[in-house]
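User: I'd like a close look at the pockets in this model, please. Which classes of residue line the largest one?

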Amino acid sequence: MTRELTFAQAIEAALAQAMADDPRIIILGEDVHAIRRNLYARFGERRVRPAPISESAFLGAAVAAAMAGLRPVVDMYLVDFLGVAMDAILNHAAKVEAFSGGNWQVPLVVRAACGGGYGDGGQHEQSLWGWLAHIPGLSVVVPSNPADAGGLMLAALEHTGPVVYLEHKLLADYWLEFLGSGGRETVQYDVPARGARGPVPDVWRPAPLGSATIQRQGDDLTMVSVGVGVHRCLEAAQDLQAEGISAGVIDLRSVAPLDRKTLIAEVSKTGRLLVVDEDYESFGLSGELAAVVLEAGLNVKYGRVCTRETIPYARAEEDKVLPNKDRIINKANALMG
Amino acid sequence: MLRSRLFEKAVQDLWDQGKISGEMHLGMGEEAIAAGVVCQMQSGDAMALDHRGTPPLIMRGVDPVLLLREFLGRPDGLCKGMGGHMHLFVPQELAASSGIVGASGPAGVGFALAAQYLRPGNLAVAFFGEGAVNQGMMMESLNLSVAWNLPVIFVCKDNGWAITTPSPQVTGGNLAQRVEGFGMPVTHVDGSDVEAVWQSARTAMQRARDGGGPTFLLARCMHVEGHFLGDPLLRIGRSPWHEIPAMAGALLRSMARIKGASLRDRIQGARSILDMILGSNRDSLARKFDPILTSRQKLQEQVELPELENEVRQEVEALVATALGTL
């Protein structure tokens, strides 16, 4: 770890390294000549291909292109827009390997920006990783820092099946600039500094899918999250320490496959599980983690801080609805009580 | 039209000041299209709006103060600060918007379906851009509206840009012929000419009310502020010495890396990035498509324009002050 990159630079560097090594990798999606202009300038339009606003066609096409030998990276703009093209993911990309008796794989990366915190409304700020991870046959990764962002991109590209790669807009500066500030200096965002920029390896290696990292050790309580939520947990853990509470933080990195082993090992030490999930609360990641520890036979105290409703457009209201440090600390104290 | 333009200029100022968050897609440049269609709508007619819903809603008579408070994210806004400018809903006017490109197609069809059952003689209008006509749901909606003979007017605001991609580069064939292939009449109209829009819309709306089925209005227009406020292409055009150095370093470094496309392809790529920037700049300067300027020229000999414009300006200033609570 000798150099520092931004979250966005890390993804691009890893992707460029992979594209240089593997001519089967192509990028396609709306506006990619502009959004991926550095890769477009280097690899040309044959490898970085702008598409019409036809998500169901180009995502559906990418599934079959992957089956036929290409390794497409499909840029979906926002994860919310997957709604338009969900059939390609739900009924095709995720199913082909199983339907073919394991004889045919879909090595596809679907890349999308996710998450809120910049006042763009509930049709542009969702997380949806739980909704996606619900589908068997799909991998879903959510990096929280530049090193993982690059490593998980390589892992996604090397994986034999479909991977949804979600980059949070508070971490990827170009998305925040494009959709949030638009070049204004009159707006501020709560960007986790350690997530937006950080040390990365000189040569990229894949970070394994389904492998969580322990971001902070703790004896009293285990907090689990992905993406920006990891940083909110770390901020809360810092404050909790001052109150004499030792809170650990696990970064799942991938929602599917899920690293059950690390989760169970850590929670069995503390006896308390607090899930912080920017995705919707009901029927999602937070409930799944509770099921995992129950199935393992652990007797734990459990709490969750998630998004319960449609994300409001108004910044002040949005801040209350998305998981924040105060809500995490309150819930942690409740679990300790 | 002028009220809408000045209102959106005020929105632009508040966005610049950081009082409005996120993206802001203005309808500046689309006013003549909205006016020519919306002023002929009747009680019980419905509107399916895209992410540029402000001009049609103002012209439909929705209180601009409520709109502005919504954009400011206030609890006393049109949708209590929950929706923002891309998600505006006015049940009394059967007006609903969406930030998903193409979604106004099925919504327009659905509003028309309800009219066919519940409000004979009423119709639905769907507003969208030419980029949306490449969406599956839009093409399916065109077909459905013909198959079910629905009273819906598809109003395509063609500015030539699909977000930041020139539409012709990602569109096969000719849009009008494509739509005609569904068995629907297409009317071409200059979207900066409100009279022409009014005439075309009048025929189409009468046809729909009489049970004659859908019509597609293809109206050429321009966007004064690009795709949205802070559009990177316009920013580069407007302050190149600030924007280009920030972008060029990474671009040139990436272009110079070994392994990649041939030199010819790389130069071709750089050229199309340059064309994209210059093209968008030319578009923003295409003043002949600005409906406000066009209308001014037409009207100046017939009415006391300065007086009228002053009146509208004062009206908008007052409503902005009311919305901000500074009155």
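Analyst: The lining of the largest pocket has 22 nonpolar, nine polar and 16 charged residues (nonpolar: Ala, Val, Leu, Ile, Met, Phe, Trp, Tyr, Cys, Pro; charged: Asp, Glu, Lys, Arg; polar: the others, Gly among them). This is a predicted model, where local features need pLDDT of at least 70 and side-chain atom pairs pLDDT 80 or more, while totals for chains, interfaces and linings use all residues. Residues are numbered from 1 along each chain as written, chains are lettered from A and ligands numbered from 1 in written order, and side-chain values use heavy atoms, without hydrogens or water.

In all, 47 residues line the largest pocket (an open set of 1 Å grid points that fit a 1.4 Å probe, with protein on both sides within 12 Å along at least five of seven lines; lining residues have an atom within 4 Å of a point). Nearest its centre lie A:Gln9, A:Glu12, A:Arg37 and A:Asn38, together with B:Ala250 from the other chain. The space amounts to about 1500 Å³, as filled by probe spheres set on the points.

Chain A gives at least two lining residues from each of β1 (3-6), α1 (7-21), α2 (32-35), α3 (37-43) and α9 (173-181). From chain B, α9 (232-238), α10 (240-256) and α11 (263-284) each do likewise (DSSP runs: helices at least four residues, strands at least two).

For comparison, the second largest pocket holds about 570 Å³ and has 25 lining residues: 13 nonpolar, four polar and eight charged. B:Met1, B:Leu2, B:Ser295, B:Leu299 and B:Leu308 lie nearest its centre. Chain B helices α1 (2-16), α3 (54-59), α8 (194-209), α12 (291-299) and α13 (305-324) each supply at least two residues of that lining.
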